Amino acid sequence: MDFRVPGASPLAFTLILFLAATCFALPEYSQKPSSSAAQINSNSVLVALLDSHYSELAELVEKALLLQTLEDAVGRHNITIFAPRNDAVDRDLDPDFKRYLLEPGNLKSLQKLLLFHVIPTRVGSDEWPTRSASARHQTLSQDHLHLSRLDSGDKAVDLARVIHPDSVTRPDGVIHAIERLLIPRSVEDDFNRRRSLRSITAVKPEGAPEVDPRTNRLKKSAPPTNPGSSPVLPIYDALAPGPSLAPAPAPGPGGAHHHFNGHAQVKDFIQTLLHYGGYNEMADILVNLTSLATEMGRLVSEGYVLTVLAPNDEAMAKLTTDQLSEPGAPEQIMYYHLIPEYQTEDSMYNAVRRFGKVSYETLRLPNKVVAQEADGSVKFGQGDGSAYLFDPDIYTDGRISVQGIDGVLFPAEEVESKSKTKTVQPAKIVARPRRGKLMEVACRMLNAVGQNSRFTTCQ
């Protein structure tokens, strides 16, 4: 059968068929949102790097432009970070070697050194090999680390001893504290080759052991103190009504039985609010209007930590009677200002400065408080329902942190619903003057002769 298109030449018809086939053959590229736009959660292992024990390592990560690389790695899988503490970084790095790493031309060496401390899988302390075996793991720098045990039973990573296993555990990773910085052989060789100084190595040699002059024996360093063990249940399960299923109080520094005295700590921080001034309404709600003070004391006694975002009296005075009179409303408002983490001004500001926006979980599930940097401070919430960090570190004792803010926070859904609600004003109805019977007859007569438009009363 001879198929032809009327009015078209064979060459044009062939060209049309070629273009149609090409269009169908082209693949469709869907624009996927970049992982960099994902919001970092406050319980991420990357935020934990900003802790005071690892701030030197976090600063090197920022200078090496590796934040995006680590965010992508956390987005794909769990990671394990072997982090030397600040004193270890200052002690082990030779000044010339540190200067070499921070030079702009040696950025690749700095990145390779830092990625040498990260394994793209989760390795907890209970997964460590035994003395007779060792495990080999590939790092993000494509080199390999060996996990083993020393004769003393301590865990080790290559030549570094693990001084605090499971120092920080998060849903997306774990951090083990090590006694020294891990340096890949390739980075050390490159440093020695470029400097042409064979006598200088990247790691300072350890000093001679110290001798006690009184006993003429070697001084032994004190073993690291074990902090209070973490509670077994999440804090949300401990808040659940019903019989108490929370674990026994975790061992801590206070009390005759070495338990945390949460009720005394809560009483102490409420007294601090009253003496500080400007937060009497917040203290009154915690003690008198609700039973949250007792609940917070029980949680702290069981080993949990809390950060309280305390609105000042000026902000609390803006609450209406309707907002506080509904059943459970004061508790819900206060739960949204309680963060089940221990955060200070420095930790929150460093987090928002490095990651832009950080979301903090609250005791009002599933709502979260979003924090971001604004005007050199920390801003919580968005739009009209936002509040600034007004009085930082009013109370910090290691278990409870109180941060003063200048506004009452509400979840984003409630703020949006209030902004969409508009007051409907009644339309104005202009009453027209009523005409009498004589005027009505006159208007009809004028209408018959076509003269009614000259008189406004007849219109």
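Visitor: Why is Asp393 called partly exposed?
Guide: Buried means under 20% relative accessible area, exposed over 50% and partly exposed in between, with a 1.4 Å probe and protein chains only; the relative accessible area of Asp393 is 31%, and Asp393 is therefore partly exposed. This is a predicted model, in which local features need pLDDT of at least 70 and side-chain atom pairs count only at pLDDT 80 or more, while totals for chains, interfaces and linings use all residues. Residues are numbered from 1 along each chain as its sequence is written, and side-chain values use heavy atoms, with hydrogens and water left out.

Visitor: What makes the backbone of Asp393 worth a remark, and where does Asp393 lie?
Guide: Its phi is near 50°, a positive value in a residue other than glycine, and Asp393 lies in strand β16, residues 387-396. Most residues other than glycine have a negative phi, and most peptide bonds are trans. Helices (H or I, at least four residues) and strands (E, at least two) are DSSP runs, numbered from the N terminus. Asp166 also has a positive phi, of about 50°, although it is not a glycine; Asp166 lies in strand β7, residues 160-170, and with a relative accessible area of 27% Asp166 is partly exposed.

Visitor: Which peptide bond is cis, and what is its omega?
Guide: The bond from Leu365 to Pro366 is cis, with omega near -5°, and Pro366 is found in the loop between β13 (357-361) and β14 (368-374).

Visitor: Why is helix α12 described as largely enclosed by the rest of the structure?
Guide: Of the 10 residues of α12 (residues 292-301), 7 are buried, so the helix is largely enclosed by the rest of the structure. The buried residues are Leu292, Ala293, Met296, Gly297, Leu299, Val300 and Ser301. Just after α12, Gly303 takes a positive phi of about 105°. For the protein as a whole, 39% of the 459 residues count as buried.

Visitor: Why are α10 and α12 called oblique to each other?
Guide: Two packed helices are described by the angle between their axes and the distance between the axes. Axes are lines fitted to C-alpha atoms, for helices over the stretch in contact, and angles run from 0 to 180 degrees between N-to-C directions. Angles under 35 degrees count as roughly parallel, over 145 as roughly antiparallel, 65 to 115 as roughly perpendicular and the rest as oblique. The axes of α10 (residues 262-276) and α12 cross at roughly 130° and come within 7 Å, and the two helices are therefore oblique to each other.

Visitor: Which residues of α10 and α12 meet?
Guide: Contact means heavy atoms within 4.5 Å, and on that basis Gly262, His263, Gln265, Val266, Phe269 and Ile270 in α10 meet Ala293, Thr294, Met296, Gly297, Arg298, Val300 and Ser301 in α12.

Visitor: How do you know that α3 and α7 are oblique as well?
Guide: Helix α3 (residues 55-63) and helix α7 (residues 107-115) pack at an angle of about 135°, with their axes 10 Å apart, and they are therefore oblique to each other. Leu57, Leu60, Val61 and Lys63 in α3 meet Leu107, Leu110 and Leu114 in α7.

Visitor: Is Asn312 buried or exposed, and what is the reason for the word?
Guide: Asn312 has a relative accessible area of 10% and is therefore buried. Asn312 lies in the loop between β11 (306-311) and α13, and, not counting residues up to four places away in sequence, Asn312 touches Gly278, Tyr279, Phe390, Ile405 and Asp406.

Visitor: Why does Asp313 count as partly exposed?
Guide: Asp313 is at 21% relative accessibility and therefore counts as partly exposed; its place is in helix α13, residues 313-316.

Visitor: What does Asp313 touch, beyond residues up to four places away in sequence?
Guide: Asp313 touches Gly278, Tyr279, Asn280, Glu281 and Met282. The C-alpha atoms of Asp313 and Gly278 are separated by 5.4 Å, although the two residues are 35 residues apart along the chain. A polar atom of the Asp313 side chain lies 3.0 Å from the backbone nitrogen of Asn280.

Notes
A polar contact is a pair of N or O atoms within 3.5 Å; within protein, one must be able to donate a hydrogen and the other to accept it, and residues adjacent in sequence count only if both atoms are side-chain atoms.
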